[in-house]
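Dear colleague,

My notes on it come after.

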Amino acid sequence: MTAIDLGLPEIGGLGEVPTAEAGQNAKDFTSDQEVRWCPGCGDYAVLAAVRQFMPSLGIKRENTVFVSGIGCSSRFPYYMNTYGMHSIHGRAPAIATGLATSRRDLSVWVVTGDGDALSIGGNHLIHAMRRNVNLKILLFNNRIYGLTKGQYSPTSEVGKITKSTPMGSLDHPFNPVSLALGAEATFVGRAIDSDRKGLTAVLAAAADHRGIALVEIYQDCPIFNDGSFDVLRKPDTAPQRLIPLHDGEPIRFGPPGEDGLGTYAVVREGFGLTVAKIDEIDATEIVVHDAGDLNLAFALSRLSDQELNHTVTGVFRRAHRSTYDDAARAQIDAATRAATGDLQKLLTGRDTWTVAG
């Protein structure tokens, strides 16, 4: 896609956010609030990873904001020793957009769940991505409504037995990565809560990106959807299912083959992609990942199905496009410089009328 040049200066992912003094650690980002999630909840792992990761950004805590909506994941701001807001159901992207646009000095993060983001908040989410607001959105996906006690969510599988679908869900689930790419988000990634290394790598790439960054995180709900992603964690099943992405490298996965690089690969099939055994194809057929290729990113997102037979993780897309908040500030600055300043003339101009009393 062609980048739109608004004449704005080239800046990194963090913009003009003031940097902190060296020496911050995870404890500095830990609030005094008791963490209150169910034992075994995947949210704990994500919280630990984020706390450990944040000091590496070198941003002052007072210039960091976490905004959440409603749901189990939305307790996140309480547990971070930063500024934060526990906002309205589904509206976190809208509130975060206002923050990012009005305060260039803030690093703004959104924490949301599959129900919060993709049901009542779906419209706010897709437009934040379309606008390319400089936000980092962590979408916790456990395929269930946990806070309201186990109803099916927009990412639940077809046929899912829940309290609200006792005969099985009839809804076809959203693929959050496909949705984000369809809205032309400039950064899209996926990670698993239990994979600290992979999650941290995706978070680091998202933080370094200037523009919208959506990271879907597969996360376990041990109470209402226990073991939903176990096949992606178990040593005997995970290698055949997980497809890690590395920009500029051939997409190979599975148990080590003779060359130690995996026994399966992603190859092209018509206009899409499929999986093949490496010993049954030529090495030149293996797809090389290009995070700048939107069509490839979307095709990769379609390899992931509700049975998790093949689940792609890592950075799907990373592309440059001018951000909404940068453009809005530039427009305001231009208008301010051009203003001649006659408030009375403005108030009594042609769009006002005198009404006889």
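This is a predicted model: local features need pLDDT of at least 70, side-chain atom pairs count only at pLDDT 80 or more; totals for chains, interfaces and linings use all residues.

Residues are numbered from 1 along each chain as its sequence is written, and side-chain values use heavy atoms, with hydrogens and water left out.

Strand 5

Helices (H or I, at least four residues) and strands (E, at least two) are DSSP runs, numbered from the N terminus.

Two strands count as paired if DSSP finds at least two bridges between them. Strand 5 runs antiparallel to strand 11 (residues 311–318), joined by 4 bridges; here Gly 189 stands opposite Val 315. With strand 6 (residues 213–218) the pairing of strand 5 is parallel, over 5 bridges, and Ile 192 stands opposite Tyr 218. Between strand 5 and strand 6 the chain passes through helix 7 (residues 196–207) in a right-handed β-α-β crossover (with the strands pointing away from the viewer, the path from the first strand over the helix to the second runs clockwise).

The sheet 8-9-10

Three strands form an open sheet in the order 8-9-10, with antiparallel pairing. Strand 8 (252–253) and strand 10 (272–277) are at the edges with a single partner strand each, so one side of each has no neighbour in the sheet. Strand 9 (residues 264–269) pairs with strand 10 over 6 bridges, and Val 267 stands opposite Thr 274.

Cysteines

There are 0 disulfides in the structure (a disulfide being a pair of cysteine sulfur atoms within 2.5 Å). Cys 41 is in none, and its nearest cysteine sulfur, that of Cys 72, is 6.4 Å away. For Cys 221 the closest cysteine sulfur is also in Cys 72, at 6.5 Å, too far for a bond. Cys 41 counts as buried at 11% relative accessibility, and Cys 221 at 9%.

Surface

Leu 343, Leu 346 and Leu 347 make a nonpolar surface patch of about 350 Å² (patch residues have over 30% relative accessible area and no salt bridge; like charges are joined within 9 Å, nonpolar side chains within 5 Å; areas are Shrake-Rupley with a 1.4 Å probe; a salt bridge is a side-chain nitrogen of Lys or Arg within 4 Å of a carboxyl oxygen of Asp or Glu). Leu 347 lies in helix 11 (residues 343–347).

Regards

Conventions
Buried means under 20% relative accessible area, exposed over 50%, partly exposed in between (1.4 Å probe, protein chains only).
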